[in-house]
Amino acid sequence: MIQDISPHRFDRTFSREEAAAADIALCCRDDRILLRREGEGFALPRFADAGLTPAGRHVFSLDGVGCYLAAAPAEAPADCAYLTLQQVRQVRPMEVAFAAVVGVQLWRWYRDRAYCGRCGSPMEHSRTERAMVCPRCGLTEYPKLCPAVIVAVTDGDRLLLTRYAGRPYRGDALIAGFVEIGETVEDTVRREVMEEVGLRVKNLRYYKSQPWAFTDSLLMGYYCELDGDSAITLDTSELREGFWQKREEITPRGQDVSLTSEMVERFRLGKE
Ligand SMILES: [Zn+2]
């Protein structure tokens, strides 16, 4: 998965250290991020390599190198390109994709917290933690994380797969949705399955979680079993397809960025 970058080290410790030429510049524009071409893949650009002046806000470090949200040049420097998040999904090595998408997540968040949601005053950066603080009313805001579920519904040797309607991602997916106010995560699992495909489920089993910066989410993956009738009633506003697929007919996924892929692959290999 995208966050599985060992032996590389992602360190989110807050720091106010100033940028140096050898540090990494995270330059974001229109939800795109600047990466430097390296061989067949991409690397995170250092200020010096991209001809950029070292300056910006420290957001995390990767293998001990500071990564800074920096002013984005209008034109990509030589050997660099602005990539969309869909393109970043395909970027390897994985630590580059992970740092890039978390960089975009934080850039979006700072951009969208310029003003206090309570009193409308311009927000300021906290000097002690990763937060925005209102100097007038004291409201403190932390980076947005939306809890959400990924649900693999099984029926013996069959897995329920879906395809989204109206989203850039076109491949097979699992049932997914955000946790709503006043709801337990288990309630979300049952509600999303009922809403999206009209099925009841039982025997919910938590698998694992994933930080999914693309949608500011914290994903929690569950396996569960069909309870009763298997006839699908599709919510066509969310999905364009929903279907049962036999274990042996599932397309192998290999190493991919998503918890969804890992969960589908585990089922395909008979581990669930
Ligand atoms: Zn305020």
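The model is predicted, and the secondary structure of its protein chain comes to four helices and 16 strands. Taken along the principal axes, the C-alpha atoms fill a box of roughly 60 × 50 × 30 Å, and buried residues make up 34% of the 272 residues in the chain. Of the contacts between residues at least 6 apart in sequence, 63% join residues at least 24 apart.

Leucine 35 has its place in strand β3, which covers residues 32-38. Leucine 35 counts as buried because 27 other C-beta atoms lie within 10 Å, where 20 or more are required. Alanine 20, which is 15 residues apart from leucine 35 in sequence, is 18 Å apart from leucine 35 in space, C-alpha to C-alpha.

The chain is divided into domains with the following bounds.

| Domain | Residues |
|---|---|
| domain 1 | 10-112 |
| domain 2 | 117-143 |
| domain 3 | 146-268 |

The C-alpha centres of domain 1 and domain 3 lie 31 Å apart, and seven residues of domain 1 are in contact with five residues of domain 3. On the side of domain 1 that touches domain 3, α1 (85-90) and α2 (94-112) each supply at least two residues, with the largest share, four residues, coming from α2. By class, this side of domain 1 has four nonpolar, two polar and one charged residues.

Definitions and conventions: Residues numbered from 1 in each chain as written. Predicted model: local features only at pLDDT ≥ 70, side-chain atom pairs only at ≥ 80, totals over all residues. Buried ≥ 20, exposed ≤ 12 C-beta atoms within 10 Å, placed from the backbone. Contact = placed C-beta atoms within 7 Å. Domains from an automatic or database assignment. Nonpolar A, V, L, I, M, F, W, Y, C, P; charged D, E, K, R; others polar.
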